[in-house]
Amino acid sequence: MKNLLLGTDICQISRIKATVDKYQHKFLSKTFTDKEIEYAYSNIRTCYDRLAVRFATKEAVSKALGVGINGLGWNKGINWKDVEVERSSVGELGLVLSGKAKEIAQKKGITNWKVSVSHMGDYATSTVIALILEK
């Protein structure tokens, strides 16, 4: 039998741009991994879209895990960089979990993640599904 956990989030792209403009490297290095930053800035025209999609995905993962993000009202959640969004050579998005996110996912028995993202106008959205295989 399979169980699913779902998380979804929407992010305003202009808000990410304003935050990057104001806090620059401090915000980027706290929120995104080096690989995510490198990928986002590999196309300067779409870098804020890419950052917003990754931000929304991290939020969606925290919701699927049922814990939220540390610093957003509590300290029992995961850290921003505990979730890394990666892109395969064919364009499919995947997740690399570390730290508390990985620990929680293992405790819940999550064996696989599916990620779907989109952006249009000033908004980016992400939906994640965590698959739990039960014996």
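This briefing describes the fold, size and surface of one protein model. The model is predicted: local features need pLDDT of at least 70, side-chain atom pairs count only at pLDDT 80 or more, and totals for chains, interfaces and linings use all residues. Residues are numbered from 1 along each chain as its sequence is written, and side-chain values use heavy atoms, with hydrogens and water left out.

**Fold**
- The protein has five helices and five strands, where helices (H or I, at least four residues) and strands (E, at least two) are DSSP runs numbered from the N terminus.
- Read from the N terminus, the order of elements is β-α-α-α-α-β-β-α-β-β.

**Size and packing**
- Along the principal axes, the C-alpha atoms fill a box of roughly 50 × 35 × 25 Å.
- Of the 135 residues, 44% are buried; buried means under 20% relative accessible area, exposed over 50%, and partly exposed in between (1.4 Å probe, protein chains only).

**Surface**
- The protein exposes about 8,000 Å², and carbon and sulfur atoms supply 53% of this area. Accessible areas come from the Shrake-Rupley method with a 1.4 Å probe; for residues, only the protein chains shown count as cover.
- Ile-129 lies in strand 5 (residues 123-133) and is partly exposed, with a relative accessible area of 33%.
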